[in-house]
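Please look through the model shown here before reading my comments, and keep it open beside you as you go. The points are written for someone who is new to reading structures.

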Amino acid sequence: MTYQDPIDWPSFCELIHNHDRFLLTSHIRPDCDALGSELGMAGVLQALGKSVRIVNGQATPPNLQFIDPQGMIEALHEDVTPAELSDREVIMVLDTSAWAQLGPMGDVLRGAAAEVTKVILDHHVGEDDLGATPYKNTNAEATGRLVLQAAKQLGVELTPEICSPLFAALATDTGWFRFPSAGPVAYRAAAEMIEAGASPAEIYAQLYEQDTLGRLRLRGLILSRTQAELDGALVHTYVLKEDFEATGALPSDTEDVVNMTLTVAGTQAAVIMVEQPTGGFKISFRSRCKMNCSEVAREFGGGGHKAAAGAFLEGPLEEIRPRLLAAVTTAMT
Ligand SMILES: [Mn+2]
């Protein structure tokens with residue numbers, strides 16, 4: 001199987017061989033592809049005898065800390081100062097090419113001495129160049145898959161320490177191998193990672209089977225309230241303040257529930273209204289049809305993307321719900 005690979009691997013390998021002290025970083029709101037790519041690359045560089053630090057603009061969220069059992073990832077200003085990073089010869093940015101995504105690490109990149117080599121290893125389209133040499137493949141499903149290729153190009157032995165975080169990266173960026181991006185290349189890469197010791201079952205359980213009973217009960221409550229309009233094309237549901245107390249769940253436990261309502265056959269759009277502990281409702285819109293969620297959200301002072309957007313509204317549910325459903329119905333029809 002061949003595929004277009006625009007990355008100049010000989011040049012990338014030469015760059016690695018010619019330097020000893022590396023700083024790896026990625027985007028804020030770090031996800032598994034950001035963290036997994038950093039950890040996989042750190043393992044590769046360490047296998048080559050290099051000194052590596054991983055520093056991000058934001059700390060690793062608690063639900064993803066399992067990916068970093070050695071606690072190798074540092075947060076800028078919390079664990080390390082910019083001055084302490086001045087000995088690094090190479091700054092490698094993984095899984096982003098945008099200044100806006102770097103948070104406070106953008107200042108480290110901008111402030112680096114002229115002799116510091118800056119590179120990007122990424123699969124995102126366009127955006128900025130960060131004043132760095134880009135090694136990009138925008139056809140790659142995940143940056144983690146590019147790190148696997150780097151390991152092989154560099155002749156590094158694949159280990160569980162390298163491949164477990166890379167598997168988490170590849171699996172999450174492909175929606176656990178179900179997005180259209182997940183083709184034979186992704187499945188082959190996954191097979192190689194598993195052969196090297198990555199455990200999909202363990203990683204899956206760490207990612208998706210750590211909920212609280214409160215979260216489960218809140219989800220049940222929200223899902224049981226789902227109503228349909230427009231012959232089932234539009235589904236909507238809500239959460240009230242008192243539901244959190246009744247179930248023992250947290251406001252963050254409503255994440256993803258709106259996507260679950262779209263698993264019903266025939267649904268084209270979904271709306272969830274989540275009452276906030278301090279009052280008012282946080283609204284999430286989702287669309288799989290011509291409705292542009294960001295345009296609907298903007299009518300209510302919010303914003304987002306075509307397929308997903310949000311807004312905030314004051315007022316009781318009985319008052320805001322008809323306004324929201326009317327706007328969504330207009331956008332859908
Ligand atoms: Mn990614």
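Predicted model: local features only at pLDDT ≥ 70, side-chain atom pairs only at ≥ 80, totals over all residues.

1. Residues are numbered from 1 along each chain as its sequence is written, and side-chain values use heavy atoms, with hydrogens and water left out.

2. An open sheet of six strands has the order E3-E2-E1-E4-E5-E6, with parallel pairing. Helices (H or I, at least four residues) and strands (E, at least two) are DSSP runs, numbered from the N terminus, and two strands pair if DSSP finds at least two bridges between them. E3 and strand E6 (133-136) stand at the edges with a single partner strand each, so one side of each has no neighbour in the sheet. Neighbouring strands of this sheet are turned against each other by 25 degrees on average, with direction ignored.

3. Strand E1 (residues 21-25) is mostly covered, since four of its five residues are buried (buried means under 20% relative accessible area, exposed over 50% and partly exposed in between, with a 1.4 Å probe and protein chains only). E1 runs parallel to strand E2 (residues 51-56), to which four bridges join it, and here Leu23 stands opposite Arg53 in E2. Four bridges also join E1 to the parallel strand E4 (residues 90-94), where Met92 is the bridge partner of Leu24.

4. Further out, E2 is joined by three bridges to strand E3 (residues 73-75), and the two run parallel; Val55 stands opposite Glu74 in E3. Five bridges join E4 to strand E5 (residues 117-122), again in parallel, with Ile91 standing opposite Lys118 in E5.

5. H2 and helix H4 (residues 143-153) pack with their axes 8 Å apart and at an angle of about 10 degrees, where axes are lines fitted to C-alpha atoms, for helices over the stretch in contact, and angles run from 0 to 180 degrees between N-to-C directions. H2 and H4 are therefore roughly parallel to each other (angles under 35 degrees count as roughly parallel, over 145 as roughly antiparallel, 65 to 115 as roughly perpendicular and the rest as oblique). Contact, meaning heavy atoms within 4.5 Å, involves residues including Asp33 and Ser37 of H2 and Thr143 and Gly144 of H4.
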